[in-house]
Every structure is written in C-alpha cells, then in structure tokens.
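These are my notebook entries on one protein model. I set down what I looked up, entry by entry.

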Amino acid sequence: MEDDNQQTLSTSSAAATTSAAAAHHDDDEESLSKFTATGTMMEMDVDTATAQVHESIRSLLADEVPDLANTKGRSVFNDPYLHLSYNSFKSYIQFVIITWSGVAVSVWHFIGGHIHFVDLFALILFSVLVCSVLTVGVISCLFWKLPLVQRFLDLYAYFHDGFSFVNSFNTKMFSSLTKREVRLSKAALGDTSQHHHPPPSSGESAVVAKHFNLEIAKMLLLLSSVVYERTSEATRASLRQARSVPKVPRKKSESGSSGGGSRHGQSASVGSTGSPPLTPFTPSTFSMAQSQSRHHAAAASPSFSQLRPRIQQTAQAFVKRPSHLFKTFQAQHANKIRSLLLASPGDDLIAKLAANLGIEYEPVSELNSASSAYAAVFWDKTSNWVVLSFKGTSPFEFDEWLTDFDITRVHAGHRLPGYQTVHRGFKNRLFPEHHDNMGGAGDERLGKKNTAAFRTPYETIIAALKVVTNDLMSRTDKDINVWFTGHSLGCAMATLTYTRALLNLDGLHPRVQLCDAYLYGAPVVCDMASARIFNDYMEKRRQEGKTGRVKSIWRVCNKSDAVTTLLPMLGDDPLYPHTTSLFAYAHLGSEVRMRPGRGKSIIIDNYCYGGRGGITRDVEARVVSLKDGSHRVPGVEDDVEMEALFDSGDETEVEVQGGGPTGQRDELAGFGMTDEQRRRFRRGGAGAGTGGDASSGGHWWSGIMGRKGKAHSLPGEVPWWIAAMEYLPLMGRMVSHFPGLYFHSLQQMGAGDFVWRRR
C-alpha cells in the first residue's frame, strides 16, 4: 500500500512539473483532494512513518559512539568506577595546569603593558575560585558515584516517585497540568499566526510585541526537567564496548575521501527537500548572514502536493543510508554497541511520560561527552511543532562541572558567522575543538584536508530536526514550529544552537519556523559584542519578516538563583567599560524575573534594540495565557470540543466518578500520579491557576504557604519547608536553581504587562 501510494505521488508530481502554468493549479488541487479523500490511509501510515523517524534519529545518535570512544580516551581500568576516577582526576589536573599556565602568561603580558590590571585581577580571582570549586567537585562527584552510594540514590528515587535527585524537590510538577492545560499548550506550540502577525499600519504607532506564553513556558519547563531522568550509564557502557572490540579495516580510498564526501553527503541527504545543503563553516561577515536570511525568507515554497512526494522519498532515502557505526565495526559488534546505548532506563521513563502527553521523544546527541548531558527532541506526530530540549548539569557528573567552569572565551565566528567570542566549555559541546583542529567538512578556514568522518553534535541535532520536520511536513500544509528549551547547562546549549540556527545556514526548509527559546536558570555565554550583534540581528529579522512580532530568548530566573545572579555578568550592561575582562560576560535574550500575581513579573534586557540607554519604549512585553483568555490561538476557540474551555473558570465544580466535587483540575495529565495521590489532591481543594489572584498580594510568604495563605501543597507546588529554603542566605541561591522550584514560581505568575527594569 505504501509503495503504491508513493508511486501515485511521484507520478502526480512528475505530471505537475511538465504541465503548463495554468494546469499547475488544477493538478495541485486534484492532488490535495486525493490526499483528503485517502485520509484514512494516511492515518494508517502515520505510525509507520513515525517509527521510521525514531529509527533514523537512533541511527544518528549511535553514529556518535565510534568517535566518542576515540576522543574520550581508551580504558585504563576494567572496573568502571576506577576508570571514571582516573579520567576525572586526569581532567582535573589538566584543567588546573592549563588554568595557572594561562595566569602566568597573563602576568608576563601585564608586566609588558599589554593587558589591563582589571583583566589580570579578574583572571586570578576566577582561577582561584574555579580551582577551589573543582577541587571540592571532583571529590564529591566521585563520592556520589561510589556503587554503595548509587544504591542509596536508587533507594532515594524509589521514595520520590522514581524521579532522580534533581527532580525530587517537586515531583508533583509532572502531574500538575490538567488535560485542558495540555491541550492549550499544544495549541500554543502549534500556533502559526505568530509568523503572520500584521505589522502596524502607517497611521499607528510602531509598537512591536514580545509575548511570554505561560502555557508554553510550563510545557517546555516540564520537557527540560524530565530529561534529567536519563543517566550516563548506558552511554559509558556503549563506549566501553566500542573500545573493547576491533574496528573494520578501512580502505585507502575510503580514508582519503571519507571527510567531506561522507559527512557532507549525509547531511545533505537529510536536507534535500528542495533546500540548500549545509553551508560550509567559512569565515563570514554579518552582512552575508543577513543576505542569506533575506534569501531564505523570500524563497518560494513549493505547493503541498509537490512537496509531499519529495519529503517522503527523502525520509526513506535517509533511513537506508549507510551508518557510520556499522561502517566502523562489524555488524554483531555494532548491534551490541547500539543496544547498550539505547538501553537507558531513563529513556524508557521519559518516553512513558511523554506518551502521557501524547507526544514523541528521542535522544538526539550526546553533546561530545560521556556524561549525562545530551540533547533530545520532542514532537507531536499529529501536529506541526517540534521542541529541542537540552539537559542541564547533573550534580554528580564532574565532566559537566568542567564544562561549566571552562570560562575562557574563544572566537566562534567560523561557527557563528558575525559573532565574536563565546564560553569555551559550552562551545566545545556543540562544536568540539578537535573538529576545528582536524578541519571539519568544508571548513576552508583551516585550509587542511578533512580527516573527520563524523558530524559535530550541532550537525547531528540539525540532521535529526530535518528528519522530524520532513515527516511532519508530509502530513500538513502548515508551517512547522520549532521551539528550544533547556535548564542550567542546557540553556547554554540551547542558546548557541538557537543562535546558529537563526542564521539560516543549515538548509532548513522555508516552512520550518524557528520560534522562541524558553530557558530556565541560564548562565552567561558570550561577550558584550556578541550580545549586541544578536539583538541587532533579531530586530533585522523582524523588520524583514514584516510580522510586528519579536522572536526572543526568554531567560527565566527564579528568585536569587546562583547560576543566573552570581556569575560574571557585568557585560549585561552595554555601558560596562572593560569589555575584554572576564567580568564582561553577557547573556543573550531577555531575562524574566517571576513574581506572583498579574502584571508584576519583571523583564530585564539592557541590550534591547532602540531606546535610550538600551531600553526602548517601542517594545511591548507581555505575559499572555490561553487559559485566562488573555491570548487566543486562531481556530482553537472556534473548536466545538474546546469552546467550553474558555467559558468556565478554574473553580467550576464537576462531578468525578469515585470522588466528590472538584475543580477543572480533576483531569490531570498524569505524568505518573497514582490514584491515591489523586485522591489526596482532591481532598486538598481547588488547584492554583496560571497565576495568583489579588488576594495573594505578592507577599513572599504566599509562595511558601500556597494561595490565600493556606498551608497545603497543591500540584505544581512544593512542601512549605522546601520553599522556605529559597530564602536562606546561601542555601536559597542553590535550591532556587532546581527545576521544581522554577515550576513552583511559574505556577504563581499571572498574565499582564511586564515591568521593565535595568540591571
């Protein structure tokens, strides 16, 4: 049936190509009517196509294993814990030596008058602090990795609904969304009206909008939190297996041409649906990136009937392409490595939780590491949206500590054309240094013959994104919305990925629309010049797109989160004079300070384009919500099934089988909430809505005791004693960083205008 359908589609596409211009429209209409008439058959093919998408993404992930096994060194000890200890102390010693060698060189330059005293002082200060923190970190991480301690952590997770330590502070957030909220979140994620928002007319004031959507924020926070459940044991097991088995001997002809042909061809095959291939990583000016953006926006999109056959053919061709893993190892060894990599219990848990939301999940890239930090993709196979989620720092993974504290800024213009310097640790996760040293596919900057037969993690992520978007485009004529999210370290990965993807250099189809990034607990990522360039580029995109809507990176901050408030971020002030100092780090995007109630949350963005001193009056920043009617998605409020969702409030009482009257929060999304937990919640009273009401008054104790001062815990809220820890002088800065506390504060936000502040 699938082959017949494919043949019919190909024949229709060929006929449309050779017909006259007037016949084009008729053929397109006829093809679309055929697709509509055979809707039942298409629905039968959805599961098959989705299974192929899963298989393609798993192949992309497995293709990273051979090169990770090479770059992360060979095993010295057979015992996994001894091997981990050896690598951790080795990395720690190397880091200390490199750090203080840099300090010595800087002192010499200071004596020669080549650097400013502020730069030297900042370098010495950070070197002392970082080495002190890492000394404690390497010892504590290895302690928590002891087999006996790991058993204790497993027991701890058992008594916290099976969730890991990071999510144990608020496991209720995974069962806090009602079915109504889930439906509204999905509707907001798939809303395409944001791409066609009309600009102001000549007679109106030129006010543009930045909308922070609460339904989207909650959903993306859950997706950036649940990825913490995937651990590093499966990855390390696959790498040990890869190191222990022989590789397939490679012919000279393959080794001589494996660079640009293999890697570039794989990337191009994924994106060959009428889009340009991956652009080589050459030194480019900002104006070149702008011109490519204009060309991308102006490209004529093929009709749906012409596009569907090519998309399906591309997806099938990608599934059949040779695997780098199976080219490196014999089939039996490759299958063993692949099975170990995909055997993570955390993946099964995340997939189960995602299934309760009616969405798909797959891990995409290990992000150049054997630790637990990775990138994942979530999507709705029946809709038109995709979410790229990046896992944050695990407290027990020393390799991720090293990434966070590798604060040297390095030039990244060959990866992010037009930008200046970025955080070296974060950059190496997406664009590893060994790719630069060996010369990536098409990297003319180095002028060397490519010896790398694999993708960078960023290229793997983009390849997986193309697989998913191609599949979704084959079933809908809507634009495909792509959202980005992450927590902690994941924010930095999402920021760099989002920044690169916005440049339109990777062959994404014109129908693939990059939407906002919602980040939680984001660290600094770049220098002051890059922050200015980012905001200038976002404004130019808005003007060229003529939408009147501003795309943005929303950096959500919870109270005095140490990661967002204690790091060297003096560069967030565009007037800071010492631009080369380590203090001059800057964030990208707009910071959101969550406050209880309506119209009380704060937005901070000193680099926001226009205006005096960095703040402009031409930007309208608002918190919006579909739940309380402050925002609408076209077509959703007209849906008969969902019409009642906008008519009744949260306090409407309905009768539930087996229970007494309760609010609309009776229909929980069910991220694992047991019947007993549901009964306990129903006895607790009506749930807190999207935002606190006026009775909460915005007092600090309302966040601890719950709405209206009642001392009971509601879904999405935390026990009062955990919330109280946020207000302790030092402990509060660390506790506030956990995702569960972010969700607790997010639940209390309400719709309304943001309050503009300067840092």
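**Entry 1: Overview**

How many helices and strands are there in the protein? I found 29 helices and 16 strands. Helices (H or I, at least four residues) and strands (E, at least two) are DSSP runs, numbered from the N terminus.

I noted that this is a predicted model, in which local features need pLDDT of at least 70 and side-chain atom pairs count only at pLDDT 80 or more, while totals for chains, interfaces and linings use all residues. Residues are numbered from 1 along each chain as its sequence is written, and side-chain values use heavy atoms, with hydrogens and water left out.

I then looked up burial: of the 759 residues of the protein, 56% count as buried. Buried means under 20% relative accessible area, exposed over 50%, and partly exposed in between (1.4 Å probe, protein chains only).

I also looked up contacts, where contact means heavy atoms within 4.5 Å. Among contacts in the protein with a separation of 6 or more, 77% come from residues 24 or more positions apart.

**Entry 2**

Two packed helices are described by the angle between their axes and the distance between the axes. Axes are lines fitted to C-alpha atoms, for helices over the stretch in contact, and angles run from 0 to 180 degrees between N-to-C directions.

I looked up helix α5 (residues 80–111) and helix α17 (residues 398–405), whose axes come within 10 Å and cross at roughly 15°. That makes α5 roughly parallel to α17. Angles under 35 degrees count as roughly parallel, over 145 as roughly antiparallel, 65 to 115 as roughly perpendicular and the rest as oblique.

The crossing of α5 and α17 is left-handed. A crossing has this label if the near helix is turned anticlockwise from the far one by less than a right angle, and is right-handed if clockwise.

Which residues of α5 and α17 meet? I found Ser88, Ser91, Tyr92 and Phe95 in α5 against Phe398, Leu402 and Phe405 in α17. By class, the contact of α5 with α17 has five nonpolar, two polar and no charged residues. Ala, Val, Leu, Ile, Met, Phe, Trp, Tyr, Cys and Pro count as nonpolar, Asp, Glu, Lys and Arg as charged, and the others, Gly among them, as polar.

In α17, I listed Phe398, Glu400, Trp401, Leu402 and Thr403 as buried. The buried residues of α17 pack against α5, α6 (117–144), β6 (421–423), α18 (424–430) and α21 (489–502).

**Entry 2: Helices α10 and α15**

I next looked up helix α10 (residues 233–244) and helix α15 (residues 331–341), which pack at an angle of about 165° with their axes 7 Å apart. That makes α10 roughly antiparallel to α15. The crossing of α10 and α15 is right-handed.

From α10, the contact is made by Ala234, Thr235, Ala237, Ser238, Gln241 and Ala242; from α15, by Lys336, Ile337, Leu340 and Leu341. I recorded six nonpolar, three polar and one charged residues in the contact of α10 with α15.

**Entry 3: Aromatic pairs**

How many aromatic pairs does the structure hold? I found 21. Rings of Phe, Tyr and Trp (its six-membered ring) pair if their centres lie within 6.5 Å; planes under 30 degrees apart count as stacked, over 60 as edge-to-face and the rest as tilted.

Phe143 and Trp144 form an edge-to-face pair, 5.4 Å centre to centre with 75° between the planes. Phe143 is partly exposed at 43% relative accessibility, and Trp144 is partly exposed at 27%.

Phe212 and Trp554 also form an edge-to-face pair, 5.4 Å centre to centre with 80° between the planes. Phe212 lies in strand β1 (residues 208–213) and Trp554 in strand β9 (residues 553–557), so the pair ties together parts that are 342 residues apart in sequence. Both Phe212 and Trp554 are buried.

I noted a cluster in which ring pairs link Phe143, Trp144, Tyr156, Phe165, Phe169, Phe396 and Phe738.

Is Ser225 buried or exposed? Ser225, found in helix α9 (residues 214–226), is buried at 0% relative accessibility. Not counting residues up to four places away in sequence, Ser225 touches Asn167, Met173, Phe174 and Pro739.

Pro739 is one of the buried residues of α29. Ten of the ten residues of helix α29 (residues 739–748) are buried, so α29 is largely enclosed by the rest of the structure.

Ser185 is found in helix α8 (residues 179–189) and is buried, with a relative accessible area of 1%.
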